[in-house]
Amino acid sequence: MHSDIVDLRSFYSTTLGRFAERSITMALSSIWAAVPNERLVGLGYTLPWLERFGSDAERVFAFMPATQGAVVWPATGPTATALVFDEELPLVDSCIDRMLLVHSLEHVENPRETLNEIWRVLSPAGRVVIVVPNRRGVWARFEHTPFGNGRPFSRGQLTELLREANFTPAAWSDALFFPPSRRRFMMRFHNVLERAGRRLWPIFSGVIVVEAQKRLYQGVPVAQRASRRVFVPVLSPHGATRLGRRAEAGGPLAPARQVKPS
């Protein structure tokens, strides 16, 4: 089940959503190294964090999957959002310094193909930062939050997937240690539960955050990958061929040419 852009915006406008945004921001801050004048792209729903971590970037783009939908961002100035297919990003090779994935990898059809496409567009020293629901966490078991939809991951599964796509995990972090309860008396203690969870039950976090570096020393077979999407032009004529029209009218067909042996 995919998260819709309307549902995502509605969730992060609630009190629980704002607490979740702060928790993920803290986890990203612990592994996010500032790189001046970098080219940053967010894939999925990354707007709250692009506004915070993209202030020093040279260029910032928000790519939103077609299954999710897109909104105009930022509110002022030229639009920096695009509706994309995650396995065919509209970018040239090695043009991005860092990519941030939130509400993205758990919803794609083929995570390995998506990571291969991210590997293609990242620069030789490029990094990808991924936020995914934790398979052991409580948040992946409740569907009233976006983290309860899609495919959750464990650290081992995420490590294997990254290595298959020629990435090396460099730093890990966790977030969302408080329960996803919408009751007010529970949300009052979210700071206490968040701090306690980091020390007492770190393996049961709501999301896993990993930063991985592009690996260059492993050979990658060069082959043209056929898209699984079939695009049919709307105004393409589908008329009969000349021989087909002549056969339907009952006329004679052109005789086949005989090739004389040499």
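## Overall make-up

Of the 262 residues in the chain of this predicted model, 46% count as buried. The secondary structure of the chain comes to eight helices and seven strands, and among the contacts with a separation of 6 or more, 69% are between residues 24 or more positions apart. The chain has an accessible surface of about 15,100 Å², and carbon and sulfur atoms account for 55% of that area.

In soluble globular proteins, nonpolar side chains tend to be buried together. The largest nonpolar core here holds 38 residues, and the members that touch the most other members are Ile24, Leu28, Trp49, Trp139, Phe147 and Leu176. Two or more residues come from each of the helices H1 (5-12), H2 (15-31) and H3 (47-53), and likewise from each of the strands E2 (59-65), E4 (96-102), E5 (122-133), E6 (167-175) and E7 (207-214). Helix H2 gives the most to this core, with seven residues.

Leu176 shows what such a position looks like in terms of its neighbours: leaving aside residues up to four places away in sequence, Leu176 touches Ala20, Ser23, Trp139, Phe147, Glu194, Ser205, Gly206 and Val207.

## Aromatic pairs

A search of the whole structure finds eight aromatic pairs. In one of them, the rings of Phe11 and Tyr12 have their centres 5.0 Å apart and their planes at 80 degrees, and because planes over 60 degrees apart count as edge-to-face, the pair falls in that class. Phe11 and Tyr12 are both buried.

Trp139 and Phe147 form a further edge-to-face pair, so classed because their planes stand at 85 degrees, with the ring centres 5.9 Å apart. Both of these residues, Trp139 and Phe147, are buried, and both are in contact with Leu176. Ring pairs also link Phe11, Tyr12, Tyr45, Trp49, Trp139, Phe147 and Phe178 into a cluster, and of these residues Trp49, Trp139 and Phe147 are named among the members of the largest core that touch the most others.

Key:
Residues numbered from 1 in each chain as written. Predicted model: local features only at pLDDT ≥ 70, side-chain atom pairs only at ≥ 80, totals over all residues. Heavy atoms only, no water. Core = buried A, V, L, I, M, F, W, Y, C linked by side-chain atoms within 4.5 Å. Buried < 20%, exposed > 50% of the residue type's maximum accessible area, 1.4 Å probe, protein only. Helix = DSSP H or I, 4+ residues; strand = E, 2+ residues; numbered from the N terminus. Contact = heavy atoms within 4.5 Å. Areas by Shrake-Rupley, 256 points an atom, 1.4 Å probe, with all protein chains shown as cover. Phe/Tyr/Trp six-rings, centres within 6.5 Å; stacked < 30°, edge-to-face > 60°.
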